[in-house]
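Subject: Structure handover

Hello,

Here is the structure we talked about. Please open it first, then read my notes below.

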Amino acid sequence: MTNYVALSIVLGLVAVSLLVAIYSRRYSRTAAEYYVAGRKVSWLQNSLALTGDYLSAASFLGVAGGIAVVGIDRAWDGIGFFGGYIVLLLLLAVPLRKIGKFTAPETLTTRFKNNRMIRMSAMFSVVLISTFYIIPQFVGAGALLQLLLGWEYLFSLLVIGVIVISYVAIGGMRATTYNQIIQGVILWMAMALILILTVVNMFDGNILGIVSEASQTIPPEYAAKELIGDPDIPEWSELTAGAAVAHVAERLTGAQPNALTPGVFAPGWMNIMALAIGLVFGTAGLPHVLTRYFTVERPRDARTSTLGVLALVGTFYLMATFVGLAAMYLLYPDLMGYFLAEEASIAQNMAVPLLGQLVGGNVLLGIAIGGAFCAILSTVAGLLITIGTSVTHDFYKEIINPDADERRQVRVAKTAIVGAGTIAVLAAIGLADQNVSYLVTLAFGIAASVFFPVLFLSVWWTKFTSQGALATIVTGITISAIFVLARLMGMDDIAGIPVLVNPALYSLPAALLAGTIVSLRTDDYGDVENFMLLAHGVELEE
Amino acid sequence: MPALAATKKAMDIAEMMDATVYVATVPERTPMTVLEQMGEHVEEYRYTGEIADGPEVAREYGILRGIDVKEVPMRAGPIVGSILRVADEVRPDMIVIGNSGRSGWERLTLGSVAEGVMRHSRYPVTMTKGYNKEELSDILAIAKGLIRPSMDYVREAKVAKVPLESLNIGKRLGLSFGALLVFLAPYLALGVVNSFFEDFATTAIIGSMTVGLVWLLALFPLGILTGIGFHRLAAAYD
């Protein structure tokens, strides 16, 4: 049973986004008008490109989808993804742009000249974080195809994996920026459309109606766990939302959480703080976000671009929060049905498209799925390009073959892209039932523990040493990777230390501490004078 | 290569007319990552054969031929538009432009600058098409000597040499931290309220909106205001 209406809209939307991108590139070359506002356009373009790059399947499907199944705890994802840009803006954006290097590892070796250990460990971290970030994109894409075409998850995953990787490796590696811009616009509009239609069609135009229904609803993931083995399971698809909510409330007596109760997903202060810290410091450590700052024309544009991003993603997550709460109530029968039928991969991530279908029929289902594909395409492209750049520039050209010409470098980059993409697809097979936004928060946790501390200390502390930098990277990556692995394997504690929803509560302070202590005991400050001048100096007019 | 053909043609004509050659190269300054730009260059190489600094080659070649060459300072922008704008400033007797001979996908996605200039120009346009390596051998030799280093994509900011102390790193960091606190304090405090004061967090204040939800939603505008305020203050250090 293929949904042809939705399918053609999805294909149409993806095609249009690619065509518009191509056309705008062509226009910028061949337009006869010369607009003086070119520079202003450049920061707006950059904001949109950053937004398109940043808003991934996690933001589009995962935030609202996560809120729909566990409630308000998952709204931390949205506010944390947003707040991350504030940390980036305040602490790193302008200095990093002024230093003006291709990759985060190269920024470090601008201060600690010729330090291969730092360069290599940083390159390894770039690849690890970015690959880990790609995995949930593929999980989301697999579930989308499953929903749209009724294919098996594994088959869907392989198909979409091959398409996306070849898109980036063959064509998309050039001028993806334009695609990011268009896709950023599509994502924002799709979310707005779903929210507006939901409020108008289902809540008589009163957005607060969403909250009042949600406050009476027991989160479905929690309820499904409680109801396992319950003899009185209704035919969910025959119930209305209200009836399904009432049925569950009747079966689960006593004090029960609702959509607005904190602690359902992240119980206890340690879990909540781990999530909050991992998210807010993670953005400033994400290699593909940092890479894009190097494309900003002037250093001060790094700030204006970020302000644009804050406005765009801030409104986006605000909308996603309400969409998620509305989806919990309106899709209650569907979500309960999927959970109890052990189709968690759909329940976890498909609330946004399902809500689209409910309030806007197959057309909006198509728009929502198309939007999600755009999100996935643009983010994976950005990530794969970052991996390709780092492997080529920080490893191949630095160590293997310093005389490599551009053609050779591009070929190496493509090989790295295909390699990392393939690994991500394989890893996505095992993680089908996870919420994609949750998986992304784990990547944020690692980024918050590696690049945020090491870049922060490098840029702001004159007494930071090369040994300290290495200690920061190694400590951050080791502790965060161990705890992420333990979490995914379902372990409760490691040697008595509880495994939390995010590793950053341990690994970020540990990395900062390791860097500080080692730096105080060593004295290789690197090329600190020139580096600080670059990072903080007053620019000369050209 | 097409650019070299055009340059040579322009010089030929200028020599006959005893005219001055104005050289214009428009950089396509779009927000692209390094790898994207590198991919562009590799492709460009397929069509042009050489990547050298155009105006520099023209200047050298002008000296060789004894022709007056002037370089026009160019800003990045739509390429055709930029060329036409320069034309309006220079008021040339003729524009000479090279045709890259792109076809298929490349032509579809990039369009043709030469065609755009021909269509919109108010001045006569001569377009060179194709090239003969032997005919171009003299200018090619110059271009080969001036091959642009492959890695000049990201420019380091040019900064004044001043003592480290005068950079006010401490003050800047203080400003950043202060601004960060404006956002981070209520952000982390929400975590504390959610974990230790659940009853307070779940008290309904506006309709069914709880303290926790209102707090969370308020963080978004607060964050944007923090960003704007910081941008204003930080501009003092630019």
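A crossing is left-handed if the near helix is turned anticlockwise from the far one by less than a right angle, and right-handed if clockwise. Keep that in mind for the two helix pairs below. Note also that this is a predicted model.

Helices α10 and α15 of chain A

Start with helix α10 (residues 220–227) and helix α15 (residues 332–340), both of chain A. Their axes are 9 Å apart, and the helices pack at an angle of about 50°. α10(A) and α15(A) are therefore oblique to each other. Their crossing is right-handed. On the α10(A) side, the contact uses A:P220, A:E221, A:A223 and A:A224. On the α15(A) side, it uses A:Y332, A:L335, A:M336, A:F339 and A:L340. By class, this contact has 8 nonpolar residues, no polar ones and 1 charged.

Helices α4 and α19 of chain A

Next, look at helix α4 (residues 75–99) and helix α19 (residues 436–460), again in chain A. Their axes come within 12 Å and cross at roughly 20°. Angles under 35 degrees count as roughly parallel, so α4(A) and α19(A) are roughly parallel to each other. Their crossing is left-handed. From α4(A), the residues in the contact are A:D77, A:L91, A:L92 and A:P95. They meet A:S437, A:T441, A:L455, A:F456 and A:V459 of α19(A). This contact divides into 6 nonpolar, 2 polar and 1 charged residues.

A glycine in helix α18

Now find A:G421. It sits in helix α18 (residues 406–430) of chain A. Is A:G421 buried or exposed? It has 24 C-beta neighbours inside 10 Å, so A:G421 counts as buried; the cut-off is 20 or more. Leaving out residues up to four places away in sequence, A:G421 touches A:I134, A:G161, A:I165 and A:L384. A:G421 and A:T131 are 290 residues apart in sequence. In space, their C-alpha atoms are 7.3 Å apart.

Strands β3 and β4 of chain B

Last, switch to chain B. Strand β3 covers residues 95–99 and strand β4 covers residues 125–129. These strands pair in the parallel sense, over 5 bridges. Which residue of β4(B) is the bridge partner of B:G98? It is B:T128. Of the 5 residues of β3(B), 4 are buried, so this strand is largely enclosed by the rest of the structure.

Best wishes

Terms used
Residues numbered from 1 in each chain as written. Chains lettered and ligands numbered in written order. Predicted model: local features only at pLDDT ≥ 70, side-chain atom pairs only at ≥ 80, totals over all residues. Buried ≥ 20, exposed ≤ 12 C-beta atoms within 10 Å, placed from the backbone. Helix = DSSP H or I, 4+ residues; strand = E, 2+ residues; numbered from the N terminus. Pairing = 2+ DSSP bridges. Axes fitted to C-alpha atoms, helices over the stretch in contact; angles between N-to-C directions. Parallel < 35°, antiparallel > 145°, perpendicular 65-115°, else oblique. Contact = placed C-beta atoms within 7 Å. Nonpolar A, V, L, I, M, F, W, Y, C, P; charged D, E, K, R; others polar.
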